[in-house]
Amino acid sequence: LPLLLEAILLRLASGSHHPFYNGFYYNHIMNDKGKGQEKVYFNGAKLVVETPKDPIYSSNGANVTLPCHYHYEPDLEAKRKIRIKWSKLRDDYTKEQDVLVAIGKTYMAFGDFRGRAHLHQASRREASLVVSNVRLQDDGKYRCEVIDGLEDESDVVDLRLQGIVFPYQPPRGQYRLNFHEAERACQEQGAVLATFNQLFQAWSEGLDWCNAGWLADGTVQYPIRLPRKPCGGLHLAPGIRSYGPRHRHLHRFDAFCFSSTLRGEVFYLDHPAGMTLEEAKQSCQDAGAEIAQVGQLYSAWKFLGLDRCDAGWLADGSVRYPITKPRANCGPAEPGVRSFGFPSKGRFGVFCYKER
């Protein structure tokens with residue numbers, strides 16, 4: 001029996017299931033041209049699926065519930081043999097990632113959601129999805145699909161992670177990353193490539209950056225708040241400048257990375273004589289921590305208010321410092337994470353990261 005249920009769930013996930021009779025009634029009517037083609041008209045109860053219209057917000061490492069309920073118009077009291085499918089959509093809706101399928105109380109999760117996703121059915125005709133230990137790549141739109149025989153209705157819920165977008169260049173300099181290298185660069189800094197929606201949100205909050213960078217959909221874009229000649233021209237309105245889709249292997253740009261809230265803390269260590277990069281890594285290890293990644297420093301600045309006017313090493317070999325309260329001798333008049341680039345020489349403090 002478990003193997004049979006698993007086979008049914010797998011077929012449901014692939015979309016190759018066959019309908020069964022469920023008490024709904026249909027009229028089959030020949031078309032007007034008499035070519036043998038049929039139209040199916042429904043004249044029974046209507047299946048309605050509902051999800052929230054406003055986004056559901058969560059954060060890295062948290063648990064989140066994506067609400068989904070269904071009902072019939074007019075109402076049907078009889079117990080139904082319902083099948084439920086959850087999938088994650090791409091930004092352009094061209095492809096879906098299977099998340100979970102269920103028949104009754106038996107369900108199966110797929111891919112990265114295996115062991116993290118299950119149904120929440122506390123009330124009658126509820127099909128909500130619970131995702132535990134939320135990850136950065138979970139951000140996006142999800143389809144809740146309810147299948148009752150020939151009836152198949154769905155609605156979409158938007159899951160958004162609270163986070164921060166930051167531009168990233170590797171030690172080799174500007175425009176050195178193809179798409180796949182940009183993906184790896186963000187992952188190595190505790191982040192993922194940002195989506196367009198995440199970049200747009202960052203732009204609306206004040207992000208202004210004149211260097212073009214990869215996004216998760218393979219496009220190359222950059223956010224401009226203050227139009228200027230080197231950044232598309234003086235006479236263009238503020239907004240997101242786009243180069244459109246680029247060749248993922250041949251073309252090279254920077255990256256826009258997205259990081260969410262932290263499950264630990266970032267702290268600063270110093271030495272009277274400063275430290276080399278290797279000495280800085282060892283100091284963090286001696287403190288029971290590890291040298292912080294760029295994404296962790298940005299998250300600590302954004303969500304924990306980390307403010308330190310002392311430059312420190314990070315895991316990628318860069319030297320940076322976070323300022324939430326601008327003041328004399330600490331860089332520009334705006335809050336932000338300042339960068340000294342990737343010095344080959346010099347002795348600095350270090351930012352460390354420790355899990356709670």
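## A tyrosine to start with

Let's begin at Tyr175, which sits in the loop between S14 and H2; helices (H or I, at least four residues) and strands (E, at least two) are DSSP runs, numbered from the N terminus. Its phi is near 55°, a positive value in a residue other than glycine. Tyr175 counts as partly exposed because its relative accessible area is 27% (buried is under 20%, exposed over 50% and partly exposed in between, with a 1.4 Å probe and protein chains only).

The model is predicted, so local features need pLDDT of at least 70 and side-chain atom pairs count only at pLDDT 80 or more, while totals for chains, interfaces and linings use all residues. Residues are numbered from 1 along each chain as its sequence is written, and side-chain values use heavy atoms, leaving out hydrogens and water.

## The chain as a whole

The protein chain holds 5 helices and 25 strands. Of its 356 residues, 46% are buried. Its accessible surface is about 18800 Å², and carbon and sulfur atoms account for 52% of that (areas come from the Shrake-Rupley method with a 1.4 Å probe; for residues, only the protein chains shown count as cover).

Now for who touches whom, where contact means heavy atoms within 4.5 Å. Taking the contacts between residues at least 6 apart in sequence, 60% join residues at least 24 apart.

## The largest pocket

Rolling a probe the size of a water molecule over the atoms shows where empty space is left. A pocket here is an open set of points on a 1 Å grid over the protein atoms alone, where a 1.4 Å probe fits, with protein on both sides within 12 Å along at least five of seven lines; lining residues have an atom within 4 Å of a point. The largest pocket has a volume of about 1200 Å³ (the space filled by probe spheres set on the points, which are joined across faces, edges and corners). Its lining has 43 residues, and Ile164, Val165, Phe166, Pro167 and Leu207 lie nearest the centre. Two or more lining residues come from each of strand S12 (140–148), strand S13 (151–161), strand S14 (163–168), helix H3 (196–204), helix H5 (294–303) and strand S24 (336–339).

Which element gives the most to this lining? It is S14, with 6 residues. By class, the lining has 20 nonpolar, 12 polar and 11 charged residues (Ala, Val, Leu, Ile, Met, Phe, Trp, Tyr, Cys and Pro count as nonpolar, Asp, Glu, Lys and Arg as charged, and the others, Gly among them, as polar).

## The second largest pocket

The second largest pocket has a volume of about 750 Å³. It is lined by 26 residues, with Lys88, Arg90, Gln137, Thr195 and Ala216 closest to its centre. The lining divides into 13 charged, 7 nonpolar and 6 polar residues.

At least two lining residues each come from strand S7 (83–89), strand S8 (96–103), helix H2 (179–188) and strand S15 (192–193). H2 gives the most, with 3 residues. Why does this pocket lie between domain 1 (46–161) and domain 2 (163–259)? Because both domains give residues to its lining (domain bounds come from an automatic or database domain assignment).

## Helix H5 and its neighbours

H5 is mostly covered, with 8 of its 10 residues buried. These are Val294, Gly295, Gln296, Leu297, Tyr298, Ser299, Ala300 and Trp301. They pack against S14, strand S19 (254–260), strand S20 (264–269), strand S23 (319–323), S24 and strand S25 (349–355). Just after H5, Gly305 takes a positive phi of about 70°.

Arg338 lies in S24. Is Arg338 buried or exposed? Arg338 is buried, with a relative accessible area of 11%. Leaving aside residues up to four places away in sequence, Arg338 touches Val319, Arg320, Tyr321, Ile323, Pro326, Cys330, Gly331 and Pro332. Its C-alpha atom is 8.5 Å from that of Ala311, 27 residues apart along the chain.

## Other residues to look at

Glu151 lies in S13 and is buried, with a relative accessible area of 9%. The C-alpha atoms of Glu151 and Lys46 are separated by 8.2 Å, though the two residues are 105 apart along the chain.

Two loop residues deserve a look at the backbone. Pro74, in the loop between strand S6 (69–73) and S7, is joined to Glu73 by a cis peptide bond with omega of about -5°. Arg125, in the loop between strand S10 (117–120) and strand S11 (128–131), has a positive phi of about 60° although it is not a glycine. Arg125 counts as buried because its relative accessibility is 10%.
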